[in-house]
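Subject: Structure handover

Hello,

Here is the structure I promised to pass on. Please have it open as you read; my notes follow below.

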Amino acid sequence: MKDLKSQASRSTTPGKGGLTPEIQSRIGHQLRAMYDDVVRQGVPDRFAELIKKLDAPGATPHVENEGGSNDNNNGRD
Amino acid sequence: MPLTDSLRNDILAAVPSLRAFAISLSGNADRADDLVQETLLRALANIDSFQPGSNLPAWLFTILRNLFRSDYRKRRREVEDAEGNYAKTLKTQPSQNAHLEFEEFRTALDKLPQDQREALILVGASGFSYEDAASICGCAVGTIKSRVNRARSKLAALLYVDGAEDFGPDETVRAVIGGSGG
């Protein structure tokens, strides 16, 4: 484990751009570790409060639509 | 559809992964939370356009992704303190080794073209299907697959094979034969 690089490169197939299953799983593992670390932090208060406030009857503030036309731009760029 | 309690709870439940997506994309915790906030405001302002029964996380991720991309165009020349800022968001202080490994990974991830990075994160970390990822990114399923594959290959080259990108066939063979090569 202390020498990830040489361990991993030994099992690559150089020149073919091929990924060994070992390297694929190592990348997947690191990616999820990074991601899940944030997921585990849960919902910060600021967002819980934001959603609660917006939900209060009659309290829905006017969200400025500076872009206007951008608002329905879902799925397209 | 109107903002019901259950819809509100579903939106809340999506916040942790929206943050993770935003941080993975931007590499900057403060900016990521601004993106999430903007996403929630947009989503709530446009809640009428959400189709009941459709994929709420995918809808929210689409909004965030589009915001990030328009924001990115404005900011692309700004210098960012990606690693330093991200490290602050970590709850537990990783051990020295793990931390170095993490920074290496983060740096490599930031070197990917944006299209590839977002595809890899959506499929490899958020757990979306190729189909959902394609709809979030507004492209074909095959395009997503090839972006994910290219992202993996590039990460492997950056992380696990030193300088592999610069290798022509000759150098590759030499490196394999010569081991540590000098």
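**What I found**

Start with B:Ala133. Not counting residues up to four places away in sequence, B:Ala133 touches B:Ala119, B:Leu122, B:Val123, B:Phe128 and B:Ile144. Touching here means that the C-beta atoms, placed from the backbone, lie within 7 Å.

Before going on, some ground rules. This is a predicted model, where local features need pLDDT of at least 70, side-chain atom pairs count only at pLDDT 80 or more, and totals for chains, interfaces and linings use all residues. Residues are numbered from 1 along each chain as its sequence is written, while chains are lettered from A and ligands numbered from 1 in the order in which they are written.

**The core**

B:Ala133 also belongs to the largest nonpolar core, which has 54 residues. B:Ala22, B:Val36, B:Leu64 and B:Ala133 touch the most other members. A nonpolar core is a set of buried Ala, Val, Leu, Ile, Met, Phe, Trp, Tyr and Cys residues joined through C-beta atoms within 7 Å. Buried means 20 or more other C-beta atoms within 10 Å of the residue's own; exposed means 12 or fewer, and partly exposed is in between. α1(B) gives the most to this core, with nine residues. Both domain 1 (1–79) and domain 2 (94–182) of chain B supply at least three residues each.

**Chain B domains**

Those bounds come from an automatic or database domain assignment. Chain B is assigned domain 1 (1–79) and domain 2 (94–182). Their contact takes eleven residues from domain 1 and 13 residues from domain 2. On the domain 1 side, α1 (5–26) and α3 (56–75) of chain B each give two or more residues. α3(B) gives the most, with five residues.

UniProt, in an unreviewed entry, places "domain: RNA polymerase sigma factor 70 region 4 type" at residues 103–155 of chain B. Such annotations may be inferred rather than shown by experiment. That stretch is 81% helix and 0% strand, with its end C-alpha atoms 13 Å apart.

**Chain A**

Chain A has three helices and zero strands. Helices (H or I, at least four residues) and strands (E, at least two) are DSSP runs, numbered from the N terminus. Of its 77 residues, 17% count as buried.

Helix α2 of chain A covers residues 21–39. Its C-alpha span is 26 Å, close to the 27 Å expected at 1.5 Å a residue. The expected span is 1.5 Å times one less than the number of residues. Buried residues in α2(A) include A:Ile23, A:Ile27, A:Leu31 and A:Val38.

Best regards

Methods:
Two residues are in contact if their C-beta atoms, placed from the backbone, lie within 7 Å.
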